[in-house]
Amino acid sequence: MAETSDFKAEPPEGIDALGASSEGASLYELIREDIIEGRLAANERLVVTDLARRHGTSTNPVREALQLLRGEGFVTFIPNRGARVRPIDQDFVRDIYEIGVLIEPALTRWFVNMATDEDIAELERLQGLIEENNFADTFRHSELDTAFHTVMYQRHYNRHAAELWWKHREVLRAVSRRFNFTLARRAAIIREHRELIALVKAGEADKAAELIARHVEGSGRHVLEHMRARSAARAG
């Protein structure tokens, strides 16, 4: 079995994963993780000089990282009050996945009408690796699953839509790492991927678009259910 690192998902060609310098991108990852894990609290003020001191860097990469986080919704900027941590709550997750439900069916419909034998073979190869892994390595599953969907969207003519899909998927991937897949969600992912491949082969663009909408909504709701359960446990 290949190493997990062999399956690092990459954004569609022509889309810069972050659009930042290497130092800014590194800080973006660190600060985002601190926000998701709660080490930076909701509504906490983010002072550029404090963050630079904390991470042993200059202020420019910090500003760059905060702008990236602002673009993804993790950070808000309030006039005369500076940057603050946006609460990573159920509303945040709902808004992100609902945009995916709107965008991905259109991207999928186009893909089905343009798919080649090579595209289908790649989907089947990745699905085989997903099933071989069988959720044993959740990071590897996430990378393979992202690569699976990237096959469908990577050549779409609307690069803005493809880029928005990528950035929002990366946000949901980051948030969902805190939670395990339920047995029901595991079964749904495998089943829906297989159905999707079959619909692509049959050229059923509208049915594939309907399926991907359910697939994306199912993923979003799965994260929301975990978040509700965690909130209830803390309240209890």
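Author: Let's begin with a term: a residue is buried under 20% relative accessible area, exposed over 50%, and partly exposed in between, using a 1.4 Å probe and protein chains only. The structure above is a predicted model, in which local features need pLDDT of at least 70 and side-chain atom pairs count only at pLDDT 80 or more, while totals for chains, interfaces and linings use all residues. Residues are numbered from 1 along each chain as its sequence is written, and side-chain values use heavy atoms, with hydrogens and water left out.

Reader: Thanks! Why does R169 count as buried?

Author: R169 has 15% relative accessibility, and the cut-off is under 20%, so R169 counts as buried. R169 sits in helix α7, where a helix is a DSSP run of H or I with at least four residues, a strand is a run of E with at least two, and both are numbered from the N terminus.

Reader: What does R169 touch, not counting residues up to four places away in sequence?

Author: With that limit, R169 is in contact (heavy atoms within 4.5 Å) with D145, T146 and H149.

Reader: And what makes G128 partly exposed?

Author: The relative accessible area of G128 is 38%; that lies between 20% and 50%, so G128 is called partly exposed. G128 belongs to helix α5, residues 117–133. Its C-alpha atom is 19 Å from that of T116, twelve residues apart along the chain.

Reader: Which residues are closest to the centre of the largest pocket?

Author: The largest pocket has a volume of about 650 Å³. Among its 31 lining residues, R169, L172, R173, S176 and S219 are the closest to the centre. On a 1 Å grid over the protein atoms alone, a pocket is an open set of points with protein on both sides within 12 Å along at least five of seven lines, and a lining residue has an atom within 4 Å of a point.

Reader: Which helix gives the most to that lining?

Author: That is α7, with seven residues. Helices α4 (90–114), α6 (138–153), α7 (159–176), α8 (183–202) and α9 (205–235) each supply at least two. By residue kind, the lining holds 13 nonpolar, twelve polar and six charged residues.

Reader: Which residues touch the most other members of the largest nonpolar core?

Author: In this core of 32 residues, they are I35, L46, L66, F74, F92 and V93. A nonpolar core joins buried Ala, Val, Leu, Ile, Met, Phe, Trp, Tyr and Cys residues through side-chain atoms within 4.5 Å. Not counting residues up to four places away in sequence, L66 touches L46, V48, L51, V75, F77 and A83. A second, separate core has 30 residues, including I120, L126, A161 and I189.

Reader: Finally, where is F135, and why does it count as buried?

Author: F135 is in the loop between α5 and α6. At 4% relative accessibility, F135 falls under the 20% cut-off and therefore counts as buried. Phi of F135 is near 70°, a positive value in a residue other than glycine. N134 lies in the loop between α5 and α6 too, and its phi is also positive, near 50°.

Definitions and conventions: 1 Å grid on protein atoms, 1.4 Å probe; cavity = no way out; pocket = protein on both sides within 12 Å on 5 of 7 lines; lining within 4 Å. Points joined across faces, edges and corners; volume = space filled by probe spheres on them. Nonpolar A, V, L, I, M, F, W, Y, C, P; charged D, E, K, R; others polar.
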